[in-house]
Amino acid sequence: MSEKNPPPPPSQPADPEAPLKAVGFKLDHESAQRVSGRIIVSPICCQPFNVLHGGVSALIAEALASKGAYLASGYRKVVGIHLSINHLKSAEMGAVVLAEATPVTVGRTIQVWDVQLWKYLKDRKVVVSTARMTLLCNSSSPKDPNAPNERLAKL
């Protein structure tokens with residue numbers, strides 16, 4: 001890293017919300033049954049053809065599913081093990097894209113979440129992307145059990 005932007009010291013964990021903030025995503029609702037939010041398609045999150053970048057859609061899908069799984073597991077460490085996403089329609093510059101993650105199954109060790117991203121076009125819901133995320137929820141806890149809770153509570 002450059003001297004201008006050194007990495008945070010080990011005692012100061014990275015902000016878990018930073019990737020979503022970086023692309024302009026805002027969370028609207030957080031629970032073990034549903035996590036949702038929105039993004040306005042802007043130059044920050046576009047690919048060269050002025051539409052929402054597929055990687056940004058994947059970032060949103062993984063972040064929302066991870067947050068939901070974390071809440072549904074009782075604040076245990078969760079790790080994504082598979083993400084599958086289909087990009088069905090484009091979202092143009094200036095469009096408001098809504099996203100919602102809901103659980104398919106919440107087990108002791110594995111959770112599966114569905115995530116949809118959509119926009120409204122003349123009062124009609126148009127699905128932009130649909131994703132499915134599988135998460136492992138039996139990972140060992142860190143030495144300081146409050147560290148991930150404090151970081152993830154910010155999401």
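Trainee: What makes Val-79, Ile-81 and Ile-110 a nonpolar surface patch?

Mentor: Patch members need over 30% relative accessible area and no salt bridge, with like charges joined within 9 Å and nonpolar side chains (Val, Leu, Ile, Met, Phe, Trp, Tyr) joined within 5 Å. A salt bridge here is a side-chain nitrogen of Lys or Arg within 4 Å of a carboxyl oxygen of Asp or Glu. Areas come from the Shrake-Rupley method with a 1.4 Å probe, and for residues only the protein chains shown count as cover. By that rule Val-79, Ile-81 and Ile-110 make a nonpolar patch of about 220 Å².

Trainee: What kind of model is this, and which cut-offs apply?

Mentor: The model is predicted: local features need pLDDT of at least 70, side-chain atom pairs count only at pLDDT 80 or more, and totals for chains, interfaces and linings use all residues. Residues are numbered from 1 along each chain as its sequence is written, and side-chain values use heavy atoms, with hydrogens and water left out.

Trainee: What is the mean pLDDT of the protein chain?

Mentor: pLDDT is the predictor's confidence in each residue, from 0 to 100. The chain mean is 88, and 81% of the residues reach 70 or more. Where pLDDT is low, the predicted coordinates should not be read in detail.

Trainee: Where does Ile-81 lie?

Mentor: Ile-81 is in strand β3, residues 79-87. Strands are DSSP runs of E with at least two residues, helices are runs of H or I with at least four, and both are numbered from the N terminus.

Trainee: Why is Val-104 called partly exposed?

Mentor: Buried means under 20% relative accessible area, exposed means over 50%, and partly exposed is in between (1.4 Å probe, protein chains only). Val-104 has 43%, so it counts as partly exposed. Val-104 belongs to strand β4, residues 96-106.

Trainee: Which residues is Val-104 in contact with, leaving aside neighbours within four places in sequence?

Mentor: Contact means heavy atoms within 4.5 Å. On that basis Val-104 touches Val-112, Trp-113, Asp-114 and Arg-132.

Trainee: How many bridges join β4 to strand β5?

Mentor: Two strands pair if DSSP finds at least two bridges between them. β4 and β5 (residues 110-121) have eight and run antiparallel, so they count as paired. Pro-103 has Trp-113 in β5 as its bridge partner, and the two strands form a hairpin with three residues between them.

Trainee: What else pairs with β4?

Mentor: β2 does, antiparallel, through six bridges. Ile-39 stands opposite Val-97 in β4, and Gly-37 opposite Ala-99. β2 (residues 35-40) is also joined to β1 (residues 26-30) by four bridges, again antiparallel. Glu-30 faces Val-35 in β2, and a hairpin of four residues links β1 to β2.

Trainee: What is the phi of Asp-123?

Mentor: Phi of Asp-123 is near 65°, a positive value in a residue other than glycine. Asp-123 is in the loop between β5 and β6 and, with a relative accessible area of 81%, is exposed.
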